[in-house]
Amino acid sequence: MAIQGPVKLQVTDLDKVFTIDEGWGRTTDITALESVNFEVRSGEFISLIGPSGCGKSTLLMIVAGLYEKTSGDVVLDGHHINDTGFDRGVVFQEFAVFPWLTVAGNVRFGMRMKGIPKAERDPVVDRLLRLVELESFKNVYPYRLSGGMKQRVGIARALAFDPEVMLMDEPFGALDAQTRSSLQQLLVQVWMETHKTVLFVTHSVREAAYLSDRVLLMSPRPGRIAEEIKIDLPRPRDVLSVEFLECERKVAETLAGLMGQSDGQPAWVTD
Amino acid sequence: MASADKARTQAGETPGTERQLGPPNWNVVIRNSGKAFFLMAAPLVGLLIFWELLAHSGTLHPVLFPPLEKIWVTMVDQAKSGILWLDIYVSLYRLLVGAFLALVSGTVVGLVMGMNQTVERILAPPMYFFLAVPGLALFPIVILWFGLSDFTLISVLWFEGMITVMVNAWTGVKTVDASLIRAGRAMGAKGMTLFFQVMVPGALPNLIAGYRIAFSRAWRIVVTGEMIVALEAGLGFRIFAARDFLAADMMYGGVVVVGILGVIVERVCLRSIELATVQRWGTLRE
Ligand SMILES: Nc1ncnc2c1ncn2[C@@H]1O[C@H](COP(=O)(O)OP(=O)(O)OP(=O)(O)O)[C@@H](O)[C@H]1O
Ligand SMILES: [Mg+2]
């Protein structure tokens with residue numbers, strides 16, 4: 001079951017230092033990431049999990065080309081990444097759907113930027129809106145959508161220009177439990193249909209275990225990849241099966257260990 | 001009530017714009033607009049009744065506080081002789097020319113300021129300075145340059161309006177949600193494309209707020225400016241000239257016309273821009 005495709009994304013010795021201007025000529029350096037190393041294979045679904053502030057978003061934004069790295073190397077399909085590109089689609093925690101465009105307009109945006117002709121755009125829009133179950137909201141402005149619907153626009157929009165890699169920063173973090181569950185299922189379905197490589201940031205142990213082929217656990221700041229856990233279960237996964245609960249337990253215990261809990265106590269990472 | 005319920009479309013079943021809306025429900029339209037009109041008119045009517053009672057009470061000087069019927073007759077005379085229409089035409093002409101120049105130049109300069117740091121550094125200090133100077137204070141200087149003319153009036157009007165629009169366009173660009181900019185960049189927008197496809201629409205709510213303020217300031221400048229630059233027509237000129245004849249009725253009438261026109265211009269010009277953009281996007285509630 002484990003994915004053995006070629007290496008898609010390689011992150012090597014990545015460091016990120018934020019220099020904050022404190023005023024009156026003083027600055028503070030915050031090391032957000034220190035020697036981050038990992039690789040993602042083609043078609044793999046990878047989750048990044050770790051305590052708040054450990055640098056998960058920073059890492060994802062650097063891979064997206066939206067933040068500059070301090071040192072190290074990010075290589076995607078043999079190209080060094082320093083800028084944004086159509087080979088990566090990004091889904092944001094804050095949805096970031098453009099309020100001045102309709103649902104269809106939002107999905108078309110990336111294709112317009114990529115220079116895809118109009119005639120080819122419309123079928124893609126229809127197909128993606130069907131995929132995220134928003135066909136009937138095609139011409140609606142986003143203010144009329146719920147949070148979950150906005151994020152479905154966010155996902156469709158990121159898929160529209162057919163990127164190789166999907167970068168998702170806690171895409172369901174701002175949603176309620178039920179919406180979250182249904183979007184997780186939707187994402188699994190989309191992933192199985194499109195065979196995209198996914199790098200998925202989350203806070204939730206269960207979400208990571210449900211979605212991923214591998215879970216990368218980050219240490220508290222300065223963030224490093226401290227552990228890696230393979231989840232070798234067939235999809236769609238049954239979250240109440242013994243095998244799943246064992247995986248979830250393993251992730252939760254390892255994470256609790258990283259966050260300073262000594263061995264032998266019950267795991268306290270609850271979600 | 002029953003008819004209103006029947007006309008209500010079941011939006012839950014087929015959401016989106018594809019759903020079929022029936023014909024307008026005139027009962028509801030008439031009831032709602034009647035209600036709105038009453039709510040708007042009632043306080044004004046109260047004010048007029050109060051005025052009328054005061055004017056007829058005999059305690060106030062009838063020349064300083066003429067009753068409504070006297071003001072009405074004066075204004076009807078003005079309208080019949082054509083003077084009122086000329087004044088309205090001249091004042092509106094000045095407003096529209098000045099405001100148009102202000103909107104165009106203010107928008108361009110403000111957006112460029114928001115886009116380019118060098119331009120921002122150069123223009124921000126003088127912008128803040130002139131923001132603190134009332135347009136009216138510029139009149140004596142501009143009169144020295146251009147004399148008592150329409151050109152003087154429109155220049156001051158343009159300048160004041162431009163500064164206002166500029167500040168708002170600039171702030172608008174500066175306050176576009178960082179996550180929207182990131183989303184635009186992540187989808188391949190760069191440079192000018194990013195600017196026109198993300199920054200400008202993102203700045204639009206602020207920009208329109210700026211147009212609003214600029215319009216109302218411009219209208220004030222037209223009317224007050226007409227009193228200073230003393231040309232031969234215009235609503236402000238007429239109000240001020242009426243002072244020489246102690247014609248209080250003409251002054252009150254003039255003030256009322258100024259107020260009504262100001263409201264109409266605001267409603268017609270700016271509401272329609274809003275309806276077409278920010279209101280449609282839901283970024284503005286009313
Ligand atoms: N733009 C920035 N300027 C300065 N410091 C920043 C900036 N962005 C992040 N940081 C710092 O970098 C560290 C990592 O932040 P990041 O947002 O990547 O954490 P995170 O793991 O995504 O946290 P969370 O799970 O809460 O979203 C934090 O300590 C934060 O204060
Ligand atoms: Mg984050």
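This report describes the surroundings of a ligand, selected backbone features, salt bridges and a nonpolar surface patch in a predicted model.

Local features are given for residues with pLDDT of at least 70 and side-chain atom pairs count only at pLDDT 80 or more, while totals for chains, interfaces and linings use all residues. Residues are numbered from 1 along each chain as its sequence is written, chains are lettered from A and ligands numbered from 1 in the order in which they are written, and side-chain values use heavy atoms, with hydrogens and water left out.

## Ligand 1

The shell around ligand 1 holds 13 residues, and the closest are Ser52(A), Gly53(A), Lys56(A), Ser57(A) and Thr58(A); a residue belongs to this shell if one of its heavy atoms lies within 4 Å of the ligand. By class, the shell has 4 nonpolar, 6 polar and 3 charged residues, where Ala, Val, Leu, Ile, Met, Phe, Trp, Tyr, Cys and Pro count as nonpolar, Asp, Glu, Lys and Arg as charged, and the others, Gly among them, as polar. Two elements of chain A, β1 (7–23) and α1 (56–64), each supply at least two shell residues, and α1(A) gives the most, with 3 residues. Helices (H or I, at least four residues) and strands (E, at least two) are DSSP runs numbered from the N terminus.

An oxygen of the ligand is 2.7 Å from an N or O atom in the side chain of Lys56(A), an oxygen is 3.1 Å from an N or O atom in the side chain of His203(A), and an oxygen is 3.2 Å from a polar backbone atom of Cys54(A). Taken alone, ligand 1 exposes 630 Å², of which the protein buries 67%; accessible areas come from the Shrake-Rupley method with a 1.4 Å probe, and for residues only the protein chains shown count as cover.

## Backbone features of chain A

The peptide bond from Arg235(A) to Pro236(A) is cis, with omega near -5°, and Pro236(A) is found in the loop between β10 and α7 of chain A. Arg235(A) lies in the loop between β10 (225–230) and α7 (242–258), and it counts as buried because its relative accessibility is 14%, buried meaning under 20% relative accessible area, exposed over 50% and partly exposed in between (1.4 Å probe, protein chains only). The side chain of Arg235(A) makes a polar contact of 3.1 Å with the side chain of Asp213(A), and a polar atom of that arginine side chain lies 3.4 Å from the backbone oxygen of Ser212(A). The peptide bond from Arg221(A) to Pro222(A) is also cis, with omega near 0°, and Pro222(A) is placed in the loop between β9 (214–218) and β10.

Positive phi values in residues other than glycine occur at Trp24(A), near 50°, and at Asp162(A), near 55°. Trp24(A), in the loop between β1 and β2 (26–41), is exposed at 82% relative accessible area, and Asp162(A), in the loop between α4 (147–160) and β7 (165–169), is exposed at 52%.

## Salt bridges

Over all chains the structure holds 25 salt bridges, each being a side-chain nitrogen of Lys or Arg within 4 Å of a carboxyl oxygen of Asp or Glu. Three of them are listed here.

| Lys8(A) | Asp77(A) | 3.1 Å |

Lys8(A) is buried at 8% relative accessibility, whereas Asp77(A) is partly exposed at 39%. Arg94(B) in helix α4 and Glu226(B) in helix α9 of chain B are 132 residues apart, and both are buried.

## Nonpolar patch on chain B

Phe100(B), Leu101(B), Val104(B), Val108(B), Val112(B), Met115(B), Met192(B) and Phe196(B) form a nonpolar surface patch with about 740 Å² of accessible area together. Such patches are made of residues with over 30% relative accessible area and no salt bridge, like charges being joined within 9 Å and nonpolar side chains (Val, Leu, Ile, Met, Phe, Trp, Tyr) within 5 Å. The elements giving two or more residues are α4 (83–115) and α9 (191–229) of chain B, and the largest share, 6 residues, comes from α4(B). Phe100(B), in helix α4, is exposed at 55% relative accessible area.

Terms used: Polar contact = N/O pair within 3.5 Å; in protein donor to acceptor, adjacent residues only side chain to side chain.
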